[in-house]
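Subject: Structure handover

Hello,

Please find the structure below. Notes on what was found in it follow.

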There are 2 protein chains.
Amino acid sequence: MAVTLKEVAERAGVSRSAVSRTYTDGASVSPKTRKKVEKAAKELGYSPNALASSLTTGRTKLIGLISNNFHNPLFLEVFDLFTRRLQEKGLRPLLVNLTDETDPENSLRMLKQYSVDGVIVASSTLSPEFAKAFHDAKIPVVHSFGRFASAPDVHVVGVDNVECGRMAARTLLARGYKHIGFLGGPKGATSTIDRRAGFMEVMGQAKGIKVKESNAAAYSFEAGRTAMLKELKGTHAEAYFCGDDVMSIGALSAINSSGLSAPTDIGIIGLNDMEMAKWENIDLTTIRQPIKQIVDSSVELVMAALEDSNRHPEARLFSCQVIERGTLRPL
Amino acid sequence: MAVTLKEVAERAGVSRSAVSRTYTDGASVSPKTRKKVEKAAKELGYSPNALASSLTTGRTKLIGLISNNFHNPLFLEVFDLFTRRLQEKGLRPLLVNLTDETDPENSLRMLKQYSVDGVIVASSTLSPEFAKAFHDAKIPVVHSFGRFASAPDVHVVGVDNVECGRMAARTLLARGYKHIGFLGGPKGATSTIDRRAGFMEVMGQAKGIKVKESNAAAYSFEAGRTAMLKELKGTHAEAYFCGDDVMSIGALSAINSSGLSAPTDIGIIGLNDMEMAKWENIDLTTIRQPIKQIVDSSVELVMAALEDSNRHPEARLFSCQVIERGTLRPL
DNA sequence: ATTCAGATTGCAACCGGTTGCAAAAATTGT
DNA sequence: ACAATTTTTGCAACCGGTTGCAATCTGAAT
């Protein structure tokens, strides 16, 4: 169907190798033959078959981009950044949606079949074991938004969620709240566990503070709303650290529809600083995760791992920052 | 690096063909050899290289998924649906982000290099010519959310945007609004043009109605907000048909921050019915596009086009439906 | 035991490229 | 003009599979 190397070679009156070399940089071709080849290629509309060449070079430039966060608007930003960055680097994202797949086996098998050069797991809710499965299969892998460990099994790029928890706690304490709630994301997620740990650590050291905690079923609007509605049925705290921004927005919705409002009746601080957080009708105080840096660094790291597949697993952390908006009372 | 056919064949004590046939269905292999092969394969951890096989079969099962809508939350839903559906059908999405790429040439070349079996263009703002470039290159293509035409150049799946415009107009008229605004999406987009046409057609037939119109720069929150702020500076209409939901939310934000509210002071009707539209703190009256059906149908159509590449270009339309929520005054 | 159709198997060529190697051509120095 | 280098070129084997074909095997029927 498509034009092949051979046809171009014939038309240009050169050998197949000559054509091949024209399209591999670093190869030795005289300007004269290169011209001939390029002319013939243009006339025929030839473009080299990347997959065929991957057979011999062992590189497909395909990167598996795996995620299970297809209901969190933050991840649209994440996908945008990843796809652009990968494209800039000449890599192609093969997108894998893990939403209803718990077992790594399937994805592993399929990504092996497509001989991806590497894999980026973009999720804060997938277990570290998931990423490890790729590592064990000798596929370079980076877990973006994954859990920090000082000696990780796989490359990890993200933030120190424990520190984020502390930061949220300090922010709430500094504003004089005395009755404070931790409204976490799904219980099993490492991000939830770590944020809670940091949060409780700081709270434990504070005097005269009452702390309560609960969890939402997912990092989603609905889950955040449901969890907050439940809070509002009992005696609620004065302010909450919510699992993430989309949950926060759900919580805010619950607050408003109960006739209350933030920050007057209840304070909310989220996490992520997704685009929506700064929308005027949301105006969420939150902790910013530097997602662009995380993405760029992940891509850089996966590329480095391609070069040296024995590279020692590395954890890259970026610092977060409180973004003051309108859902906490002022200092 | 990876285990190959040959190694499995040697270990199982059979020919390479036998191994190959074990993994291609419809091929003739005795239960006995199949057993041997499967045993050897399991021991070695073999999985066939899909790309190598694509070389002879001419099918990669790779589908280019092209979009430029990485700032519209609706498209996270769209990507979710597409990736899942494609996976269910054994196809793999190669995601292409067109955000800062206007020229089809580059994407075309790269998708040719990866010999994708077909392409899905998911966008209502890309010009029909874009999709046509693939068609001209003999790559099966479906334009999802594209413009309806009775004799389209390429397969199109979507809604009748002209009818959506009419539907919005009728809805607003039925609620007794007399001064009505069309706050369209980007002027060049076919979706904007068509929705406007239908809208104006109905308005033109109504008596005693004052109509005004303007456009936002993009289907985005910011653009919607900015456009509405501008409206509010002059004499605004009583109700607006906004380009889409995310623009509507931007517009609502502008309305609120001007001390007004919907539907009391201004009515808003959006389009899409994305997940956020039903969030309690948004509660947007809108026109639902059946995106799941559009996605499923697109995948089905691209698969059909794979089978028969001479298939005549077809347009598939799905009907929309007004979803009553709280941003228009009641009937 | 023999025949014969149908199922199974291996050989070898091919898919569209890449690459080590040795021969051929171009360049350099004298 | 000639030898020594350096560059460019084509050959042929290979990457990891598939597939048409002819040979072999199987089992049922005679």
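Which oxygen of DNA strand C lies 2.8 Å from a polar side-chain atom of A:Thr56? It is a sugar or linking oxygen, and the pair is a polar contact (N or O atoms within 3.5 Å).

This is a predicted model, in which local features need pLDDT of at least 70, side-chain atom pairs count only at pLDDT 80 or more, and totals for chains, interfaces and linings use all residues. Residues are numbered from 1 along each chain as its sequence is written, chains are lettered from A and ligands numbered from 1 in the order written, and side-chain values use heavy atoms, without hydrogens and water.

A:Ser20 places a polar side-chain atom 2.2 Å from a phosphate oxygen of DNA strand C. For A:Asn49, a backbone N or O atom lies 3.2 Å from a phosphate oxygen of DNA strand C.

DNA strand C is surrounded by 27 residues (a heavy atom within 4 Å), A:Leu5, A:Arg16 and B:Arg21 being among the closest.

As for the two copies, chain A can be laid on chain B with an RMSD of 0.1 Å by a turn of 180° and a shift of 0.0 Å along the axis (least squares on C-alpha atoms with pLDDT of at least 70 in both). They are thus related as by a two-fold rotation axis. In chain A, the C-alpha nearest that axis belongs to A:Leu94, at 2.3 Å.

Regards

Technical notes: Polar contact = N/O pair within 3.5 Å; in protein donor to acceptor, adjacent residues only side chain to side chain.
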